[in-house]
Amino acid sequence: MKKKIRGTKNRPRLCIFRSNKHIYAQIIDDTNNKIIASSSTLANTNKQNTKLANNCNAARDIGKNIAQRSKELGVEKAIFDRRDKIYHGRIKALAEAVREAGIIL
């Protein structure tokens, strides 16, 4: 049985969901059950920048975007939750982009 990943106010959870066409990222505070920030390939700002939503370049853009939004809100550290997906491809690209932007995972 897998251990459940929980985020706190000081270190919220970065939850990634990947479908066949899109990728979604959310910063979640599990103690208050609040979504602090979110970004996805379906958002209007990201739709205009990328032609394809299901490649690693789009995932990197989402990673940079979610890191920028979380830094604006004062989040410097996060717990990475990949939701039973393997750390490969788009999920890896998103995580590396978040780390490059200065968020500690």
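Which residue in β2 stands opposite L14? In this predicted model, local features were considered at pLDDT of at least 70 and side-chain atom pairs only at pLDDT 80 or more, whereas totals for chains, interfaces and linings use all residues. Residues are numbered from 1 along each chain as its sequence is written, and side-chain values use heavy atoms, with hydrogens and water left out.

The residue opposite L14 is I27. Strand β1 (residues 13–18) pairs with β2 in the antiparallel sense over six bridges, and a hairpin with four residues between the strands joins β1 and β2. Strands are DSSP runs of E with at least two residues, helices are runs of H or I with at least four, and both are numbered from the N terminus; pairing requires at least two DSSP bridges between two strands. β2 also pairs in the antiparallel sense with strand β3 (residues 34–40), over six bridges, and Q26 has S38 as its bridge partner in β3. In the four-residue turn of the β2–β3 hairpin, N33 has a positive phi of about 55°.

Strand β2 (residues 23–29) is largely enclosed by the rest of the structure, because five of its seven residues are buried (under 20% relative accessible area, 1.4 Å probe, protein chains only).

Beyond its neighbours within four places in sequence, L14 is in contact (heavy atoms within 4.5 Å) with residues including A25, I27, I66, F80, V98 and L105.

Terms used: Buried means under 20% relative accessible area, exposed over 50%, partly exposed in between (1.4 Å probe, protein chains only).
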